Amino acid sequence: MKRLKHGVSIILILAILVSTLSITSFAANAKVPTVVLNGSTLTFEVPPVIENGRVLVPLRAIFEAMGATVSWDAGTSTATAVRGSTTVVLKIGSPSPTINGITKSIDVPGKIVSGRTLAPLRFVCEAFGGTVSWNANACTAIITDTSALDEKVAEILANNIKPDMSDVQKEYAIFDYIVKNTAYDYKNYKKGTVPLVDGSAYGVLVNKLGVCEGYAEAVKLLMKKVGIECRIVSGNADDGSADWRNEWGNHAWNIVKIDGNYYHVDATWGYNYFNVTDEKLSIDHEWYRKDYPACTTKNGLSDAFENSLFIAGGYVYTFAIESDVAQDPFVLYRTKIDSNPQKEAVYRAPFIPESFCCDGDWIYCALGSQGGNGGSYVIWKMKLDGSEKSIAVDGIPGAKVGHVCDVNFYNGCFYVAIDEKIYKSDTTAANWQVIFTASTGSLINITSFKDDWVYYSIDSEKYKIKIDGTGNTAL
């Protein structure tokens, strides 16, 4: 009997040890849940926890990441979150939060942990129209804030799409919006740390930051909303940095169907890649053609975009030399963005213009004088249809015919790049000043303006500088 009792004691002790070790092992191996919102991993001062099989997350951090404003009433231990027309109220310890006054039920009430309010993940996400999925193996909650994307899509379409537009005009309005309002995430791309959200329509349309997959997803989503057939093409492209064809990088763009014909559209690469053919695109893109419809139709509009100087007032402006015309052979044309594009001449010059730019309803043209090399430049201005021509600037200091003269106009001032310098003047052209000088022998090309920054390039390097000449920054 003694031996039996001793054996039972040993068994009990072993059972307790095994149980203790199992609990300790589970605790040691338990993972802290990760929360990903629209492709970006969130960080918290207090980590999420799992309680009674439910994931509890910091309420304020997620609500604010979804664009809500959160307030806390310490007297009643109540959190209130507001976004748009939706108000969410959650009282600590209560299983009955409300959304716009309607009571909801949660099986695990909110609680305070280290001074932070934690609440059930699914309730927190779905309160503002989001969706959530749980990856048990990775212990990761994946949240998609579809309502924010839906709101942005509705806003874009309301502001840019008109009932009387043709399909190609709708297509261009969408393309133009994405190109103008999205920044490519070069910083993360170069470091190899591109977040998942950059490759989504949410990243491009809501965050206004993305990479090619995001551009393509955004184009597809908006085209679908206006009834235009559109698909994403996965292939490779050469941005000029590759030495050999097999070093081309992965790339994504779109194919659209307009008036019964298919065209390539690459919003990542800009306006020269709007409605182009297989032949044109294959110069720097490659794809498995059997998987996609052929894009072989070439028309006046695709030709215009391929050679565009600028786009304004629903027209694409291009320049051509009519060698068979003796008088004023240098011609500025415009082609209407429409299903039946019409091309018309708006300006003819006796000498080859050095540069064109457009601001609002006005076109500016830098034209050399009759003195040939060593003469001065004159800046003409005219309406978008070529009417009301007059001289805006009669001579630019430092600009002589034979030197590159890149004329631009922004916020009521001229910005002229001449060789290695950028000059600035108001419309009186009486107060020219040099706002930037690069190294001798450089050739500056001004590319764009945004938020009081001048964007320019020297060879393949890109920079920006404030309009007052400060803050020169390499991009």
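Predicted model: local features only at pLDDT ≥ 70, side-chain atom pairs only at ≥ 80, totals over all residues.
Helix α5 spans residues 167–181 and comprises 15 residues. From the first C-alpha to the last, α5 reaches 21 Å, close to the 21 Å expected at 1.5 Å a residue. Buried positions in α5 include Val168, and the run Lys170, Glu171, Tyr172, Ala173, Ile174, Phe175, Asp176, Tyr177 and Ile178 is buried as well. In general, an α-helix has 3.6 residues a turn, so residues three or four places apart point the same way.

Thr277 is located in the loop that lies between β19 (274–276) and α9 (278–281). This residue, Thr277, counts as buried because its relative accessibility is 7%, and the cut-off for buried is under 20%. A polar atom of the Thr277 side chain lies 3.2 Å from the backbone nitrogen of Lys280. When residues up to four places away in sequence are not counted, Thr277 touches His264, Cys295, Thr296, Thr297 and Lys298.

An open sheet is formed by 4 strands in the order β21-β22-β23-β24, with antiparallel pairing. Its edge strands are β21 (310–312) and β24 (343–349), each of which pairs on one side only. On average, neighbouring strands of this sheet are turned by 30 degrees against each other, direction ignored.

Technical notes. Residues numbered from 1 in each chain as written. Heavy atoms only, no water. Helix = DSSP H or I, 4+ residues; strand = E, 2+ residues; numbered from the N terminus. Expected span 1.5 Å × (residues − 1). Buried < 20%, exposed > 50% of the residue type's maximum accessible area, 1.4 Å probe, protein only. Polar contact = N/O pair within 3.5 Å; in protein donor to acceptor, adjacent residues only side chain to side chain. Contact = heavy atoms within 4.5 Å. Pairing = 2+ DSSP bridges. Axes fitted to C-alpha atoms, helices over the stretch in contact; angles between N-to-C directions.
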